[in-house]
Every structure is written in structure tokens, then in C-alpha cells.
Amino acid sequence: MTPAPANRIPSHPTYAPLQPRPGHAALMIADAGGAVALAQLLAQAPDLRATARILLVAADVPPDLPAVTPVPGTEALEAAIAGALQGARMGLQAYLAGSQGLIGQAQALLLAQGMAPGAIQMQQCGGPARRMQCVHCKTIAPDVVIDPYRCPGCGRWLYVRDHFSRRLGAFQGVCIDAETPGLVPEPTEIAP
Amino acid sequence: MMQPLKLVLKQPLSPRVTRFRLEHPEGAPLPVFSGGAHVMVQMQDGPVLRRNAYSLISDPQDRSGYEIAVQREDAGRGGSLWMHRQAQPGMILDVGAPVNLFALDRTARKHLMIAGGIGITPFLAHLHELVRGDAAWDLHLAWRSRADLPDMALPARAHLHLGDEGTRMDVPKVLSGQPLGTHLYVCGSARMIAAVLDTAQGLGWPPETLHAEEFLAPAPGAPFQVHCATSDRHVHVGAQESLLEALEREGIDAPWLCRGGACGQCETRVLACDGTVDHRDHFLAPDERADRIMPCVSRFRGTLLTLDR
Amino acid sequence: MTLSFSQSRFRDDYSFANSDAAIRRFPFPFDRDSYMYSVNMEPHRAAGPEDSVFQRRFDVDEHYLSEMADRAITLQRDPMRCQSLPHMRLAGWDLLELIMTAKAEDYPDLFALQRDGACWRWINRPMGIDDRFTFLDDATLPCGPMEYITRQTQGDFALLDQRQGNLWMDAGMITSQADWSLDFDIGMNFFEWHAPVPRAAQMGIFQRALKFLLNVQQGAPSRRLNWTMTVNPRLDTSPETYPEWGPEKRSLTPENVGQRQFLRVELQSFWRLPRSNGLAFPIRCYLCALEDLVTVPKWGRRLHRVLRDLPEDLATYKGFAVNRPLIVDYLSRFDDGAPTSPGIFPD
């Protein structure tokens, strides 16, 4: 195995600026970096304010966002999403904005709750940090910014693949020196 | 892959709808199938060989026979008329293997089925499985009048909307309040399908939760000529036959599965075209229509159409 | 046909070896002296000599018991090599029915299936299994139906769900894979799980292959051959265990390359599953050492030409770019430049 080329491959998630869609309710999830995108969306579509419910992860609540439920950190996201989806009906739209790690994890949790991918929009805000799964020990590293990186679970040096699993909300990390133990290139910053 | 099956039952369910049961001539078990599957029934209608697709309505796990329900279309090309008038118990009919282009999405948490008229047929097979399983479901059936309603032994839970009893289907109401994870299945006329899907999209249902099966019979049209480059033949397509049927009549090989513009199997490359291809299929993407045609349903107007056949 | 089963290992001391008969029936994947991706599908029906791997629906060969033992070891170390998303339960029963029916018909001396309505009795003589269970009732099997039958069938198995005009890798028993992870790829669609393959997407290969597969019909399976190179006769070349087998890739020398470099061929087949409308995708792995392959002169000549001329990115993707000079140099000794006959079978 060798590192995938830098150009995007078909499993890579697609991100785009959030656009208002028809629906009777909206669930919005963002971190500090993504809150701006939600504010822009709500400015563009003020009607959404009446039905929007916002989960704001590890961020100070800006005054211009309605119906905010603060979520202390990503570890509390699963319970917060499960709560927000209690009794949810078809027509609910999800709007995710923030780091790749946050929106990847949020999408995975929404899918596990039965939401269809087509009802979930994602806008990446902030740096190129990636949520990575070690293919060897399966540990998830939430915010990887260098390639190769050291797995917090098994300590192996892993290279960052472009291959992405929606179900896990993570990219794949693979041992970089498996064939030549000890030969680890100098880490460099992941390109955005 | 046609197999000869024996017609063992012909039972009117309403003035226009008749149920047919087909079994193996020696009583051997038939292959199981999945709900939503159809079979191709071949009919020798005088000089014309017809192949019409009919949804299987019997229990998919029952291997003792296949059942279909055929609505008589007096203005159709003749297949349903043949079934109603010519087909008789004891006859052997060539029937294709089951093919499913309208399966349930098993990732759904609930199946919401909406049928218009004879579009109920694929759901009858689904219902056999749904009443046995533990998935949530709802069925809404719209029919013009109670007098025309076929006797189909629908589950008591099914919602009937009868035009002559003023219980017309309120589609937005049916679609609102459905739990997250519901998938919608619509079968009926093209107009009914478009109306239901438009409503669902307007309510924010994402595309992957929407499923539809339109019974697309090849519509008649003006006769035309095609040139088949590979076999170097000129073929005349008559008003009442499809391009695919004309190719078959001339012995020109073209693979097929659904014969209704949905599966893509008969896709044919257009090598030259001076005129307009009348694309009537659901398969080709807009950019593919420039140089391809689905001969099972599509037709041509113009002076020259050269195909890679 | 009488089969005697070898007892050999695909790990540790790598005692795996092909008999002369197994070499002769090896599914050599190149029908000409060059290789490029293609949708090389053909109907999966009997072909070739009487003992060819294409004669029966699910080929059973001399390595049957050894491969099943290796699978059991891999599963014990990593149970996630076998997974099924909840909606694939019925497809698992479809697969069990397909394999049991085919094996009992194709190998009546080895397997037997007795059905009395939903009460089934399955006899697997080589593995000493005689089980009764109720068809479609998971509680009557020791594990899920897909796991049950694929612990008794050579080759990896992916079960694909068909929806939205696509195929979804939603269940599988994957213990002898060419470096891909079911645990990571489960739930992906056809384009997503093929995302790491170079070139093919641009060539439109996947669009055509998908269209073909979506229309595979009940009772009309198809097949194709795929290939890669593996150092040592190892079935479990997964990304999960890459740190274990990675170093072995760098252990080739001019002296041992013929013995330790294996051509790895996948006989892939595609079956419409009638109850679930899913698609079964068996990926059967055959291994043959270069020194055994070259005993068929046609194969020695042709493999040399194919590997010598393969574009570098394909050699990299298939994981043997680093060893290609060694391999090509070794094979060149068996290529006298003579023309080769068309087709894959020995002359």
C-alpha cells in the first residue's frame, strides 16, 4: 500500500456551503468554527429560525443564534443527537458546520439514527484537521493535522489516506513503516 | 431465460382486472422471488410476438406457482386484451425469470406504500412479506370506484381511497408525520407518481427515500426506419410495435430485461442520427441521450437513424 | 472425483504447497501477453478441462480444510472480519441456501442437504458437520447464516445490497483479502469501496461494471478473474495485519523469489439472491508460486511479458512495485520469446 494521490477519490466526503432546503424542522450542529456558517445560513433563510434547533459543541454561544443547546464536547454529541431526534419525522433537515472531525462524527451519528444522507448537508469550516481511524487497533484520533501521525492507541506511525467511511465518520490511517520498520518520514502538515 | 409454465387459473377480480395463476407443467417448484419482482409473459398474438411485464402478486416464498393480475386496456397495444380474451387455463405460456426493479429498501425503518389503481400489484407481493415481518408499514390505495375495486384480500390495516365515496387521498396529509427513516414507494400512472413525488420533495423528503415504478408500456407512434450497422440491415418499425420488437422480428440480437425503459439492459449506441430520437425511458442520463437509445420504449422521427446492432 | 485434503498452513511456517494437479488447474488470469483493467465478465458456467476450477459453482479443492482452519484462526483473532449490517439478515439466508444447494448437487460425496419444509439437515463430511436447523430462523444456528456457511466455504464473501441504482457492501466474511478492510468499507457503495483503485474510474470501468452487475439475473451468475502478487502463501493480507506481513514483502532475494513469490488470483463471481434481491459476491483466492507456474511454459512466458510491461501505478496499487525487478528478472529465464496461444489454459 502507498499513500493515495492528493486529488479527491470517490469515497471522500463532499462539503459545500449550507443551503436552505424545504422541511418542517431543522437540526443544526456546529462547533466554534462552524457557528459562523449557521449564522450565515439563518441570515440567508430567516424562516429557518422558527424551526431550527442548534447543538453547539464546545463553543461559547453567540448571541445571534436561536434555540441553542450547548454540548460540552464531542463525547457528549451522541446523547445530544439522540435527544434532539426524539420523535423526529421525515422532512427534518440536518445542517452541519465545523471541523471535518465534528461533521464526520455528527453525520455518522445521524445515519445511525436512521437519517438519510440526502437530508444531511455539511460545510467544512476551519483547518484541515481530520478524524482518523487506525486500521490496526481501530482507535479514533479526532483531530489529526500531520501526516504521518502517531496512533494514540497502538503507537504506530500511520499515514493519512483519503479513503473515508461515512459510517465511522473517519478517514483511514495505515502503518507507514510496516515493510521497513523504523523508517518513518518526517511528518508534514496535511494539505487543506 | 424463458420457461414454459401452465396457466391453471383465470379468475376475474373486477370488471377489468383478472388474476392468472401459472404453475410448472409437471408441478415442480418455481424459483423463489422477492417482493416487487415482475415476470415477462410471452404471447403469440397472431403474427405478433408480444412480451409484457407483470408484477408478481403471489407470496414470494410460495414456490408452487406465480400469480399476476392483469387490467384490460382497451386502447393498449393488445397484450392485456390477449390475456383477457385468448389466454385460457391449460395453456402453456413462456414466462421469464423474476426480475426486481421495485424492491423494498431494507435499510428503511418504515415502508410507506402509495398505489394508484392497478399500481397496487407489486405491493401485493410486498404485503405477504411485510405482514410476516416486524418492519413498520402503511399502505394507501386509490381507486376510482368501489364497483371497480378488485377483490384482493388486502390487510384490514390498508387505507382505501375511493373516488366515488369522497375519500380521495390527501397526499400531504399522508406524508406528514411519518417517522424518521420512512421510505416512500409509489406505483401508478405517470401523473400520479409525479404528483406524489413532487409533494414529498416539497416536504423535504431526501431523494434516496423515494421509490417509484411506473408501468411503462411501449407506446405506439408513427412508423420509422432504422439502419443496423453491425448486421447491415434496414428495419422498418411499425406503428404498433416497439423498436426492440422490430429488431427481434428481424432476428437482430438485443439483450433485454424489463422492456419498460427502466433497467438499461437494451441500451444501444446511436452511430448516426438525422432527426430526433423520442426518448421515453427512465434510464439514460441527459448527457447519455446524445448517442444512445433504449429500443424497448423509445422511437425516432427523421430521415436516418443508424444503430450499433 | 476423489479429493484428498492437505493439512498445511497459510502462516507461520507457510507449509502450503500445491500438488501437480492443483498447479495444472490453477486459474491463470491472463488470456494474452498484456494486461489492463476491463469489465472482463463472462457467464459463470462450466468451462475448461473436466477438473478446472470453473466446473462447479463453488469449487472445492485440496486446500479446503486448511483454508477453513486458517479462517477460524483469523476470526478468533479479529471477529470483525465477519460483519453483517442488520438489514442483510435475509441475504445471509439467501447465501446459505445458494451454497448448500449448489454444494450438495455438485459434490454429493462430500455434502448433503435434506429439506423437509423449513426443517433442514446439512451434512458436511470433510468437516464432520451434521446439523439440523430451521430455515430463516437465526436462533437455530450457532451463528448468523452467512457466518455459518462461509466458515465452511473457501473464499471470501461479500453480500451487496441493491438500492438507489447502486450496490452497497453491507455484509461480508473477509479473511483472505488483497489488502482491503471490511470493517472500514462496510456500508460503502460500489464507487466508494473502489475509490482507492487507480485509473479505472477515469476509464469508465466502474460505471459499466455496475450497470452489468445491477442486471445480474437469478439463475444466471457471472464471473471474472482478478489478480495480484503476494509474498509467501498467505491468505490474510489485510490492512489490519499489515505490520505482520509487510516485512515479508521485503524479504525476497534472487535465490528465493521463485519459491516465495506467489501469483494470487481471485475468482470473483456474482449471484442474484432471490429472496433479498441482493447480490452475492464470492472472491475465491488461489495461490501459486512462481516456480510452480513456470512449469507450464505458456504461463512462464506470458507472466513475464505481462509483469514486465505493466504500468508502474498498477504495479504500485497491486503492491509489488518494489519487487518487480526481482520478479521480472526471475521470469525472464522462462521466456524464450516464443509466441503464446490465446486463452488461459495450458497448451
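Predicted model: local features only at pLDDT ≥ 70, side-chain atom pairs only at ≥ 80, totals over all residues.
Local features need pLDDT of at least 70 and side-chain atom pairs count only at pLDDT 80 or more, while totals for chains, interfaces and linings use all residues. Residues are numbered from 1 along each chain as its sequence is written, chains are lettered from A and ligands numbered from 1 in the order in which they are written, and side-chain values use heavy atoms, with hydrogens and water left out.

## Where chain A meets chain C

Let's start with chains A and C. Here 26 residues of chain A are in contact with 24 residues of chain C, contact being heavy atoms within 4.5 Å. The two chains bury about 2,200 Å² between them, 57% of it on carbon and sulfur atoms; buried area is the accessible area (1.4 Å probe) that two parts lose on being put together, summed over both.

The rule finds 6 salt bridges across this interface, a salt bridge being a side-chain nitrogen of Lys or Arg within 4 Å of a carboxyl oxygen of Asp or Glu. There are also 11 residue pairs in polar contact, both residues at pLDDT 80 or more. A polar contact is a pair of N or O atoms within 3.5 Å; within protein, one must be able to donate a hydrogen and the other to accept it, and residues adjacent in sequence count only if both atoms are side-chain atoms.

On the side of chain A that touches chain C, strand S10 (157-165) and strand S11 (170-175) of chain A each supply at least two residues. Helices (H or I, at least four residues) and strands (E, at least two) are DSSP runs, numbered from the N terminus. The largest share, 5 residues, comes from S11(A). By class, this side of chain A has 12 nonpolar, 8 polar and 6 charged residues, where Ala, Val, Leu, Ile, Met, Phe, Trp, Tyr, Cys and Pro count as nonpolar, Asp, Glu, Lys and Arg as charged, and the others, Gly among them, as polar.

A:Gln172 is found in strand S11 of chain A. With a relative accessible area of 2%, A:Gln172 is buried; buried means under 20% relative accessible area, exposed over 50%, and partly exposed in between (1.4 Å probe, protein chains only). Its side chain is joined to that of A:Arg161 by a polar contact of 2.6 Å. Leaving aside residues up to four places away in sequence, A:Gln172 touches residues of both chains, including A:Met132, A:Tyr159, C:Ser181 and C:Phe184.

## Where chain B meets chain C

In this second interface, 23 residues of chain B are in contact with 17 residues of chain C. Chain B and chain C bury about 1,700 Å² between them, 49% of it on carbon and sulfur atoms. The rule finds 2 salt bridges here, and 7 residue pairs are in polar contact, both residues at pLDDT 80 or more. The side of chain B that touches chain C divides into 11 nonpolar, 6 polar and 6 charged residues.

## Salt bridges

A search of the whole structure finds 58 salt bridges over all chains. Some of them are listed here.

| Side chains | N to O distance |
|---|---|
| C:Lys249 and A:Glu179 | 2.8 Å |
| C:Lys211 and B:Glu267 | 2.9 Å |
| B:Arg249 and B:Glu241 | 2.5 Å |
| C:Arg11 and C:Asp70 | 2.8 Å |
| C:Arg234 and C:Glu244 | 3.3 Å |

C:Arg11 lies in the segment before helix H1 (20-24) of chain C and C:Asp70 in helix H2 (residues 64-77), so this pair ties together parts that are 59 residues apart in sequence. C:Arg11 is buried at 8% relative accessible area, and C:Asp70 is buried at 4%.

C:Arg234, in the loop between S9 and H8 of chain C, and C:Glu244, in helix H8, are 10 residues apart. C:Arg234 counts as buried at 5% relative accessibility, whereas C:Glu244 is partly exposed at 34%. C:Arg234 is also one of the residues that C:Thr241 touches. C:Thr241 lies in the loop between strand S9 (222-231) and helix H8 (242-249) of chain C and is buried at 7% relative accessibility.

## Helix H7 of chain C

In helix H7 (residues 205-214) of chain C, the buried residues include C:Ile205, C:Phe206, C:Ala209 and C:Leu213. Seen down the axis of H7(C), its buried residues fall within an arc of 150°, so they line one face of the helix; the arc is that of the directions from the helix axis to the C-beta atoms. The packing partners of these buried residues include strand S6 (156-163), helix H6 (190-193) and strand S11 (279-289) of chain C.
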